[in-house]
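Please have the sequence and the structure open while I talk.

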Amino acid sequence: MSTLIAPHGNAALKPLLLPADERDEARRRARGLKKLRLSSREVSDLFMFAMGAYSPLAGFMGAADWRGACLDMRLENGLFWPFPITLSCAADFAVAVGEDVALTDETGEILGVLTVAETYAIDRDLECREVYRTTDEAHPGVAKVMAQGPVNLAGPVSVFSEGHFPETYRGLYLRPAETRALFAAKGWSTVAAFQTRNPMHRSHEFLAKVAIEVCDGILIHQVLGALKQGDIPADVRVRAIDWLVANHFAEGRVIQAGYPIEMRYAGPREALLHALFRQNFGCSHLVVGRDHAGLGGYYGPYDAHRIFDEIGEDDLAIRPLKIDDTFHCFDCRGMATGNVCFDAEEPPGEDERYRMVAAVATGDAAGPPCPNGDAGKLRISGTRLREMFAGRETIPPEYSRDGVVAILQAFYDGAP
């Protein structure tokens, strides 16, 4: 019997991808339906429904669930849900309740069908204020909401396709049922999810290894959906992380996987959503670092930590591993965090550092905060790092492993 955490809501997983032997007939019928072209974000949500990541939702939200997710982080039935998952259309898209609508991507491929249960007008400003904490359209998540049609369609969906993801990321595109089977086969009962949309540098590696001190294993879980301009493409990140895992992690403690969501950059609210669907994947913990899912100055550096203290204990079974700002500290000759620094005279080895930070992250200890000034800390912003790669400057080995640097440098040089 599996000892893994139950899916969200203590319910069975609900993947909405039709069985393979039913898809051809479903597509044939769908060709005769009214067609609605989805945005890239809506396509990514449809794929999350398909794989069961949004269990126990059966489709796009109605008005009461949309408003509850925005205002109270709770659906009409009382289930905790911190983020609206909605489908919009133009005001003149004529559709009746009970009607089936074919859902297409930008190329016109039919990906699934929605049975319309409700149509309702939305308040874009309310959604942005409550979920993103800003109505500034320079924020890419806000811009997506403001670009939506004025009407939402709600109802259950059946999905025929997961797009290019299963083929493009063969072996990496793992559905919740598949990660759970892998964890169970390894005998893991506790698993930490490490969310990433970036290549893993030394600070990310440190966070992941701290999580391994707490759990049986770690799921390095990459965003495969659309990102903002300037982010590293998924295939490059995959190669860099593969190299890092093969060369710098203990064998058998890491599974790397990817999932098709499109980032919203919604900071604290998105951190809660990340936790919720990682529970569906079978993870007992989520690594929550500094400015998780944040962007620019829209959120405080630890707002994503604090929001987990604002929800009820029963809202989510998955637990956050809150880890402070992480960096190489030249004064204590190794990796450290803002709330755990080390004796400069006799600094501990790497394994002891992981154990000490893990004890603080789980509340079992309080570690001495770093007494050294910023001058002793290695910090390189994302913008500065891109400049360094573009100029072929040397990336400090304390910041990133040489194999990761080589893969990223080849990308910036335009190598195939």
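Let me begin with a question: does Tyr 173 count as buried or exposed? Keeping in mind that this is a predicted model, Tyr 173 has a relative accessibility of 5%, and because anything under 20% is taken as buried, Tyr 173 counts as buried. Its partner is Phe 165, and the two form a stacked aromatic pair, with 5.8 Å from centre to centre and 15° between the planes. Phe 165, at 7% relative accessibility, counts as buried as well. If you look around this pair, you will find that ring pairs link Phe 47, Phe 165, Tyr 169 and Tyr 173 into a cluster.

The structure holds 15 aromatic pairs, and another one of them joins Phe 277 and Phe 281, which are arranged edge-to-face, at 6.4 Å centre to centre with 65° between the planes. Phe 277 is buried, at 0% relative accessibility, and Phe 281 is buried too, with a relative accessible area of 0%. A ring also meets a charge: Lys 209 lies over the face of Phe 249, at 5.0 Å from the ring centre.

Turning to the sheet, three strands form an open, antiparallel arrangement in the order 14-13-15. Strand 14 (334-337) and strand 15 (377-378) each have a single partner strand, so one side of each is left without a neighbour in the sheet. Strand 13, residues 326-329, pairs with strand 15 over two bridges, and Cys 329 stands opposite Lys 377 in strand 15. Helix 8, residues 202-214, packs on this sheet and touches strand 13 and strand 14, its direction making about 70° with that of strand 14.

Methods. Residues are numbered from 1 along each chain as its sequence is written. This is a predicted model: local features need pLDDT of at least 70, side-chain atom pairs count only at pLDDT 80 or more; totals for chains, interfaces and linings use all residues. Side-chain values use heavy atoms; hydrogens and water are left out. Rings of Phe, Tyr and Trp (its six-membered ring) pair if their centres lie within 6.5 Å; planes under 30 degrees apart count as stacked, over 60 as edge-to-face and the rest as tilted. Buried means under 20% relative accessible area, exposed over 50%, partly exposed in between (1.4 Å probe, protein chains only). A charge sits over a ring if NZ of Lys or CZ of Arg is within 6 Å of the ring centre and within 35 degrees of the ring normal. Two strands pair if DSSP finds at least two bridges between them. Helices (H or I, at least four residues) and strands (E, at least two) are DSSP runs, numbered from the N terminus. Contact means heavy atoms within 4.5 Å. Axes are lines fitted to C-alpha atoms, for helices over the stretch in contact, and angles run from 0 to 180 degrees between N-to-C directions.
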